[in-house]
Amino acid sequence: MAKIKLTKNEQKVQKDALKMYQRYLPTLTLKKQQLQTEIRTIDAKAKEVRAKRKQLEKEFDEWISVFGEAEAFKPGMVTVKNIKKGVGNIAGVVIPVYEGADFSRGDYDLYETPLWIDMAADRMEKALSLDLEAEVLDEQVRLLSQELRTTTQRVNLFEKVKIPETKANIKKISVYLGDEQVAAVVRSKISKKKLQAASDAKKEALQ
């Protein structure tokens, strides 16, 4: 605990600080709860997106195996050309928002490749889109988790350090000022008695 001045001015400074901490603590606590809720929601959504991706891949493999020409489709036939991202804001944190993507398809001979290749490419685009969406959701969780750590540290600082410390300072100053007031009264009474005794002695000397 830092050394403080035992004065009325310092007492006011400490009381003002306590009011500030007590005013901001509920806001920080609410922000912490909001971040925790949002992180859980986004994390659940990311798992849901990955589950869709896994199911799509399973259906894709089964679908291709029906044609018996799985080697005809190569993953490189579909590539990501451009990722579209917007900007969102949660509890004051700027986050990326997935808004889709543009894909490009490799050149392939329409006469030499099976008819289902285009349909397979469409499915591959959906799979890649789900991967990209999950990655953006992961980034959202990372950014919000970072803010949550900072907010939690501030809540703990106010709740466990600053508020108790300031209350202790106010109590210490109040006790000291109270003792000083009592001592001043005692000194005043002693001084009055001495003056009275001196006055009485002077009167007796004159008689």
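The model is predicted. The chain holds two helices and two strands. Along the sequence they follow the pattern α-β-β-α.

**Overall picture**

- The protein chain has 207 residues, and 31% of them count as buried.
- Take the contacts between residues at least 6 apart in sequence: 77% of them join residues at least 24 apart.

**The largest nonpolar core**

- This core has 18 residues. Those with the most contacts inside it are Leu35, Ile42, Ile90, Val93, Ile95 and Leu144.
- Helix 2 provides the largest share, with eight residues.
- Ile42 is in contact with Ile90, Leu137, Gln140, Val141 and Leu144, leaving aside neighbours within four places in sequence.

**A second core**

- A separate nonpolar core has 11 residues. Among them are Phe60, Ala101, Leu132 and Val136.

**Gly88, in strand 1**

- Gly88 lies in strand 1, which spans residues 78-90.
- Gly88 counts as buried because its relative accessibility is 16%, and the cut-off for buried is under 20%.
- Beyond residues up to four places away in sequence, Gly88 touches Val93, Val94, Ile95 and Val97.
- Gly88 and Gln140 are 52 residues apart along the chain. Their C-alpha atoms are separated by 9.5 Å.

**Gln11, in helix 1**

- Gln11 is found in helix 1.
- With a relative accessibility of 14%, Gln11 also counts as buried.
- Its contacts are Ile170, Ile173, Ser174 and Leu177, with neighbours within four places in sequence left aside.

- Val182, Val186 and Ile190 make a nonpolar surface patch of about 250 Å².
- Val182 sits in helix 2.
- Val182 has a relative accessible area of 52%, so this residue is exposed; the cut-off for exposed is over 50%.

Conventions:
Residues numbered from 1 in each chain as written. Predicted model: local features only at pLDDT ≥ 70, side-chain atom pairs only at ≥ 80, totals over all residues. Heavy atoms only, no water. Core = buried A, V, L, I, M, F, W, Y, C linked by side-chain atoms within 4.5 Å. Buried < 20%, exposed > 50% of the residue type's maximum accessible area, 1.4 Å probe, protein only. Helix = DSSP H or I, 4+ residues; strand = E, 2+ residues; numbered from the N terminus. Contact = heavy atoms within 4.5 Å. Patch = residues over 30% accessible without salt bridge, like charges linked within 9 Å, V, L, I, M, F, W, Y side chains within 5 Å. Areas by Shrake-Rupley, 256 points an atom, 1.4 Å probe, with all protein chains shown as cover. Salt bridge = Lys/Arg side-chain N within 4 Å of Asp/Glu carboxyl O.
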